[in-house]
Amino acid sequence: MAQTAPENPLETFARIVAQLRAPGGCPWDREQTHLSLRGSLLEEAHEVIAAIESGDMVNLREELGDLLLHVVFHSQIATERGEFTLADVAAEECDKMVRRHPHVFGPDAGSLGDSGAVLTQWEEIKKREKGAGDQPVSVVDHVPASLPTLLRAQKVQAKAARVGFDWPGTDLAPVIAKLREEIAELEAAVAAGAAREIEEEVGDLLFSVVNVARRLGVDAELAGTRANEKFIRRFRAAEAAVGGKRVSPEEWDVAWEAVKATERGRKPAEATP
């Protein structure tokens, strides 16, 4: 009697999720919808990024599994509704990858020599695919509004740059000049006491900072995350140094500079005021 081929882990994964959703399965899992899972999906994506940042490959493997669970879970919900299956998701992505990489899988394989040309071609193919109707399609139309603000700004700027909406060359001077212009406009709005203009100018300033990051090849979202973590680390240390008491701004400054000096391997007395 022939033995049945062992089930591969992805098939097992899909079967487990289907059982959780089936009558007699897990009450919590059975209650979930595409909408109810949005927050945890975003959380899992951020945990994957945190694992990558930490360099912990064991944790990364675990977090990728948690993220994959969402792909399988959403596919199972759609399967129950007769909309699509996990296999449909994989098949469509396979077709898309081949279609959008004609320089690898098509007759012109090997024709693109650098990543810039690849990205330009990718955007052109996407625009053709999504612009099949009569309505004009912008290159920025498909940047998700749900992205974190800095990440969305950087993606919008990058897409605009790919069609020539950018400062020419690699000179950073005009980008920095624009940043200074936005600071001046914010100062003017503050001086005028115009609340709505202040909010608008703060937004323009943040957008310009992201533009500087993009031009320097810095991921603005990750840079912001690291700045947050650095502040939290240093503040905790300064907080411990003042004994958790409410102290004067001058005492906070002394504690803060001492923490910075310690991190940089200097004696606190050498800290700059």
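Helix 3 and helix 4 pack with their axes 8 Å apart, at an angle of about 155°. That makes helix 3 roughly antiparallel to helix 4; the word applies to angles over 145 degrees, while under 35 is roughly parallel, 65 to 115 roughly perpendicular, and the rest oblique. Axes here are lines fitted to C-alpha atoms, for helices over the stretch in contact, and angles run from 0 to 180 degrees between N-to-C directions. Helices are DSSP runs of H or I with at least four residues, numbered from the N terminus.

This is a predicted model: local features need pLDDT of at least 70, side-chain atom pairs count only at pLDDT 80 or more, and totals for chains, interfaces and linings use all residues. Residues are numbered from 1 along each chain as its sequence is written, and side-chain values use heavy atoms, with hydrogens and water left out.

Staying with the helices: helix 3 passes helix 4 in a left-handed crossing, meaning the near helix is turned anticlockwise from the far one by less than a right angle, with clockwise being right-handed. Helix 1, residues 9–21, also meets helix 4; their axes come within 9 Å and cross at roughly 60°. That makes helix 1 oblique to helix 4. The crossing of helix 1 over helix 4 is right-handed.

Now confidence. pLDDT is the predictor's confidence in each residue, from 0 to 100. The protein chain averages 89, and 93% of the residues score at least 70. Helix 4, residues 57–80, has the highest confidence at 97, and helix 7 the lowest at a mean of 78.

Next, the pockets. A pocket is an open set of points on a 1 Å grid over the protein atoms alone, where a 1.4 Å probe fits, with protein on both sides within 12 Å along at least five of seven lines; lining residues have an atom within 4 Å of a point. The largest pocket holds about 770 Å³ of space, a volume being the space filled by probe spheres set on the points. It is lined by 21 residues, with Leu42, Ala45, His46, Ile49 and Leu151 closest to its centre. Which helix supplies the largest share of that lining? Helix 3, with 9 residues.

The second largest pocket has about 350 Å³ of space. Among its 15 lining residues, Glu123, Lys155, Ala158, Lys159 and Arg162 are the closest to its centre. Helix 7 (115–130) and helix 8 (149–162) each give two or more residues to that lining, and helix 8 gives the largest share, 6 residues.
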